[in-house]
Amino acid sequence: MTDRDLSGRVALVTGGSRGIGRAICRRLARAGAWVAINHSSSDEAAAETLALIRAVGGEGDVYRADVSSFEATDAMFRSIEADKGPVDLLVTNAGIASFQDDVDMPVDLWRRILSVNLDGTFHCVWCAKEGMLARGDGRIVCISSANGLAPSRIRPDRLIAYGTSKSAVIGFSRNCAIALGPAIRVNCVAPGLIDTDMTSGMSDEIRQRIIASTPAGRTGTPDDIAGLTYFLLSDAASFITGQTYVASGGLVTLP
Ligand code: NAD
């Protein structure tokens, strides 16, 4: 990996307006990629991400689209291609969670979580794959969750819909790695507890219990996930596909 080894590449990061997605946008921009920042709800936050990209000498643009809609996702890919060229680095990071106890969740909540986290991932990969296959080169990282590998026994809320959606993202990425190789590499990143807006409502008591069970002795930062994602998109990971990497400070370990 060199300083600017993604120069000339067009990257799309879904959910890039804040949190983990924002850190990934910055990391890829630092490596020279032109970054399309997708989000669904805050033009202001997305503009801040663009400003941060420019502050590290990068470039990109903002694309508002709800990835749970195939039509909106397809239109976004067409706009990016018209503006800058086809997407050759894709990070499916957009996601939502409900931190209530899912045991009594309404059917609509199940559908919404699955439609953003799973359908949204599928829509993006489907829009990206044809061009990547034709060009013989594409790199995809899907952001799952440690919760997709092991349901938390610490948190009081039972994240049935969220955990299911994130398990399915892992299964989807593994299947895609086999179906879309060798042209396209597809890997998954499964973060543990990362300090972002998504997790800011967690009580301090639960946070401390999670930290006490984490060998690294802390929660994660968005940059912890951005570094791993960048590595998986880089040439240094050219022999890695179909894998899931857990970045949870050791809270969850694979068998
Ligand atoms: P966040 O809530 O801070 O940011 C989510 C981003 O996704 C925002 O930019 C938002 O605009 C975007 N988004 C939401 N719905 C969208 C939609 N329908 N279409 C397009 N964009 C949409 O969340 P975060 O903590 O940065 O999480 C990012 C990803 O990492 C998510 O997939 C999340 O499930 C996963 N993750 C987070 C944690 C954590 O502890 N924060 C742990 C494991 C996995």
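How many residues line the largest pocket, and which of them lie nearest its centre?

## Basis of the model

This is a predicted model, in which local features need pLDDT of at least 70 and side-chain atom pairs count only at pLDDT 80 or more, while totals for chains, interfaces and linings use all residues. Residues are numbered from 1 along each chain as its sequence is written, and side-chain values use heavy atoms, with hydrogens and water left out.

## The largest pocket

The lining of the largest pocket consists of 46 residues, and G95, F99, Y162, T196 and M198 are the ones nearest its centre. A pocket here is an open set of points on a 1 Å grid over the protein atoms alone, where a 1.4 Å probe fits, with protein on both sides within 12 Å along at least five of seven lines; lining residues have an atom within 4 Å of a point. The elements that give two or more residues to this lining are α1, β2, α4 and α5, with α1 giving the most, three residues. Helices (H or I, at least four residues) and strands (E, at least two) are DSSP runs, numbered from the N terminus.

The pocket holds about 1100 Å³ of space, a volume being the space filled by probe spheres set on the grid points, which are joined across faces, edges and corners. By class, its lining has 21 nonpolar, 18 polar and seven charged residues. Ala, Val, Leu, Ile, Met, Phe, Trp, Tyr, Cys and Pro count as nonpolar, Asp, Glu, Lys and Arg as charged, and the others, Gly among them, as polar.

Two or more residues of the shell around the ligand come from each of α1 (19-30), β2 (34-39), α4 (107-135) and α5 (160-180). The shell has 32 residues, and S17, R18, N93, Y162 and T196 come nearest; the cut-off is a heavy atom within 4 Å. Twelve shell residues are nonpolar, 15 polar and five charged.

Polar contacts are pairs of N or O atoms within 3.5 Å. A side-chain N or O atom of Y162 is 2.6 Å from a ligand oxygen. On the backbone, a polar atom of N93 is 2.7 Å from a ligand oxygen, and an N or O atom of G15 is 3.3 Å from one. Alone, the ligand exposes 830 Å², of which the protein buries 95% (Shrake-Rupley method, 1.4 Å probe).

## The second largest pocket

About 270 Å³ of space lies in the second largest pocket. Its lining has 13 residues, with F77, E81, C127, A128 and G131 nearest the centre. Both α3 (70-83) and α4 supply at least two lining residues, and α4 gives the most, six. The lining divides into seven nonpolar, one polar and five charged residues.

## A cis peptide bond

The peptide bond from G181 to P182 is cis, with omega near 0 degrees. P182 is in the loop between α5 and β6 (184-191).

How values were computed: Polar contact = N/O pair within 3.5 Å; in protein donor to acceptor, adjacent residues only side chain to side chain.
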